[in-house]
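Let's walk through this fold together, one piece at a time.

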Amino acid sequence: MRKLLVPLDGSPASNKALDHAAALARQYPPIAIHVVSVHEMPHDYGRSAAYFPAEKLAELDERHSREVLEPASAKLRAAGVPHTVESVTGEVSHAIVESADRNGCDTIVMGTRGMGTIGSLVMGSVATKVVHLSSIPVLLVK
């Protein structure tokens, strides 16, 4: 069975990528989808721990992952698409590629722009990095 990895961050672009992957899975079965939500490691500049304890940051990341992954899982379940979900922490582009490798994915399907505040002029910086880091095909959904 082929497996597609779809990274989700809650952005319209990542949701379009999920919809596209689901359409591919329905059109060309058997395809399974692995959905991943990635959170950056928090940066500690000396004072941030006083404002945001590690437990609170982990709680916020977990809540965001649930808010992103639960609707995605419900959508895929309703479409009859086999899938798994995962939440990971790390540098986003590396974590996406590592998750694809770890889960035996054949292709990464992702949006060209995510929730990041700064992106390149042509496509998002995470998408650019994933294209360069990945040893498997990356399908970018505009």
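Helices (DSSP runs of H or I, at least four residues) and strands (DSSP runs of E, at least two) are numbered from the N terminus, and the expected span of a helix is 1.5 Å times one less than its number of residues. With that in hand, look at helix H3, residues 54-78: its 25 residues reach 36 Å from the first C-alpha to the last, close to the 36 Å expected at 1.5 Å a residue. Before going on, keep in mind that this is a predicted model, where local features need pLDDT of at least 70, side-chain atom pairs count only at pLDDT 80 or more, and totals for chains, interfaces and linings use all residues. Residues are numbered from 1 along each chain as its sequence is written, and side-chain values use heavy atoms, with hydrogens and water left out.

Now the sheet. Two strands count as paired if DSSP finds at least two bridges between them. By that rule there is an open sheet of 5 strands in the order S3-S2-S1-S4-S5, with parallel pairing. Strand S3 (83-89) and strand S5 (138-141) sit at the edges with a single partner strand each, so one side of each has no neighbour in the sheet. On average, neighbouring strands of this sheet are turned by 25 degrees against each other, direction ignored. Axes here are lines fitted to C-alpha atoms, for helices over the stretch in contact, and angles run from 0 to 180 degrees between N-to-C directions.

What packs on this sheet? Helix H1 (residues 12-27) does, touching strand S1 (2-7), strand S2 (31-39), S4 and S5, and its direction makes about 165 degrees with that of S1. Contact, by the way, means heavy atoms within 4.5 Å. Helix H4 (residues 92-102) packs on the sheet too, touching S1, S2, S3 and S4, with its direction at about 150 degrees to that of S2.

Zoom in on strand S4. S4 (residues 107-111) runs parallel to S5 and is joined to it by 4 bridges, while 2 bridges join S1 to S4, also running parallel. For individual partners, leucine 4 is bridged to threonine 107 in S4, isoleucine 108 to valine 138 in S5, and valine 109 stands opposite leucine 139 in S5. How many residues of S4 are buried? The count is 5 of its 5, where buried means under 20% relative accessible area, exposed over 50% and partly exposed in between (1.4 Å probe, protein chains only). In a regular strand the side chains alternate between the two faces of the sheet. In S4, Thr107, Val109 and Gly111 point one way, and Ile108 and Met110 the other.

Next, the interior. A nonpolar core is a set of buried Ala, Val, Leu, Ile, Met, Phe, Trp, Tyr and Cys residues joined through side-chain atoms within 4.5 Å. The largest one has 18 residues, and Val6, Leu8, Leu18, Ile33, Val35, Leu76 and Val109 touch the most other members. S1, H1, S2 and H3 each supply at least two residues of this core, with the largest share, 5 residues, coming from H1. Leucine 8 has contacts that include Leu18, Val35, Val68 and Ala72. A second, separate core of 15 residues includes Val38, Val92, Val130 and Ile136.

Back to H3, which has a buried set made up of Ser65, Val68, Leu69, Ala72, Ser73 and Leu76. The buried residues of H3 pack against H1, S2 and S3. Just after H3, glycine 80 takes a positive phi of about 75 degrees.

The structure holds 6 salt bridges, each a side-chain nitrogen of Lys or Arg within 4 Å of a carboxyl oxygen of Asp or Glu. Lys56, Glu59 and Arg63 are linked in a network of them: lysine 56 meets glutamate 59 at 3.6 Å, N to O, and glutamate 59 meets arginine 63, with the closest N and O atoms 3.5 Å apart. Lysine 56 and glutamate 59 lie about one helical turn apart because they are 3 residues apart in helix H3. Lysine 56 is partly exposed at 35% relative accessibility, glutamate 59 likewise partly exposed at 42%. Elsewhere, glutamate 86 and arginine 102 meet in a salt bridge at 2.7 Å, N to O. That pair links distant parts of the chain, with glutamate 86 in strand S3 and arginine 102 in helix H4, 16 residues apart. Glutamate 86 is buried, at a relative accessible area of 16%.

Conventions. Lists of a residue's contacts leave out its neighbours within four places in sequence.
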